[in-house]
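Subject: Structure for your review

Hello,

The structure is pasted below, followed by notes on what was found in it.

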Amino acid sequence: MNTYKNSLNHFLNLVDCLEKIPNVGKKSAFKMAYHLGLENPYLALRITHALENALENLKTCSSCNALSESEVCEICSDESRQNSQLCMVLHPRDVFILEDLKDFLGRYYVLNSIEEVDFNALEKRLIEENIKEIIFAFPPTLANDSLMLYIEDKLQHFQLTFTKIAQGVPTGVNFENIDSVSLSRAFNSRIKA
């Protein structure tokens, strides 16, 4: 058996790489590797090309930190977006999820981590875009509640309304694991932070 496995190093390496993707277990990784390697090699080549292009072209927006293929993302450069609202999210993927709801027409700010926040640049943006409301679209956790309080404290000298999405979003659950109806209701029923 070991000799057989040793003769499949490249295939098993592919399985191992696919297994490193979040939420992909060993069985799923094996099925994907088998499908890509034997059943649909054309799809494997398309995926390889798409990965190369994404890695080569993806960057973060210089204004909001969301994913973009240009210096400033489409949302930040869209003059029709409501400039008075700024929705803060934790991850670039959260922008995709909220945009799919089609409920929010303002702008975004992706935190990534509190250590990376340039409060001088953020304050400049608040002034330039005449932001009146900051919406915290964070999954409810004690850590995120503390983060909201910290941000409110840092920006207290601005005349801002701070709101957060309503409860109903389960504690400790990421947005990609919440159905769109629940997330939409929570977003539209946001409350003062």
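Which residues make the nonpolar surface patch of about 310 Å²? Phe 30, Tyr 34 and Leu 38 do. A patch is made of residues with over 30% relative accessible area and no salt bridge, where like charges are joined within 9 Å and nonpolar side chains (Val, Leu, Ile, Met, Phe, Trp, Tyr) within 5 Å. Accessible areas come from the Shrake-Rupley method with a 1.4 Å probe, and for residues only the protein chains shown count as cover.

Before the rest, the ground rules. The model is predicted, so local features need pLDDT of at least 70 and side-chain atom pairs count only at pLDDT 80 or more, while totals for chains, interfaces and linings use all residues. Residues are numbered from 1 along each chain as its sequence is written, and side-chain values use heavy atoms, with hydrogens and water left out.

Phe 30 sits in helix α3 (residues 26-39). Helices (H or I, at least four residues) and strands (E, at least two) are DSSP runs, numbered from the N terminus. With a relative accessible area of 42%, Phe 30 is partly exposed; buried means under 20%, exposed over 50%, and partly exposed in between (1.4 Å probe, protein chains only).

Helix α8

Helix α8 (residues 142-154) has 13 residues, which at 1.5 Å a residue should span 18 Å; the end C-alpha atoms are 19 Å apart, in agreement. The expected span is 1.5 Å times one less than the number of residues in the helix. The buried residues of α8 are Asn 144, Leu 147, Met 148, Ile 151 and Glu 152. They cover an arc of only 135 degrees around the axis, so they are on the same side of α8; the arc is that of the directions from the helix axis to the C-beta atoms. An α-helix has 3.6 residues a turn, so residues three or four places apart point the same way. Packed against the buried residues of α8 are β3 (85-89), α7 (119-128), β5 (133-136) and β6 (161-164), with contact meaning heavy atoms within 4.5 Å. Exposed residues Leu 142, Ala 143 and Leu 149 are on the face turned away from the buried side of α8.

Salt bridges

There are seven salt bridges in the structure, each being a side-chain nitrogen of Lys or Arg within 4 Å of a carboxyl oxygen of Asp or Glu. Among them are these three:

- Asp 16 and Lys 20, with the closest N and O atoms 3.2 Å apart. Asp 16 is partly exposed at 34%, and Lys 20 is exposed at 61%.
- Arg 93 and Glu 176, at 3.0 Å from N to O. Arg 93 lies in helix α6 (residues 92-101) and Glu 176 in the loop between β6 and α9 (180-188), so the pair ties together parts that are 83 residues apart in sequence. Arg 93 is partly exposed at 37%, as is Glu 176 at 41%.
- Arg 125 and Glu 129, at 2.9 Å from N to O. Arg 125 is buried at 5%, and Glu 129 is buried at 14%. Salt bridges with shared partners join Arg 107, Arg 125 and Glu 129 into one network.

Backbone

Asn 65 is a residue other than glycine with a positive phi, near 75 degrees. Asn 65 is in the loop between β1 (59-60) and β2 (67-68) and is partly exposed at 23%. Asn 112 also has a positive phi, near 60 degrees. Asn 112 is in the loop between β4 (107-110) and α7, and is partly exposed at 36%.

Regards
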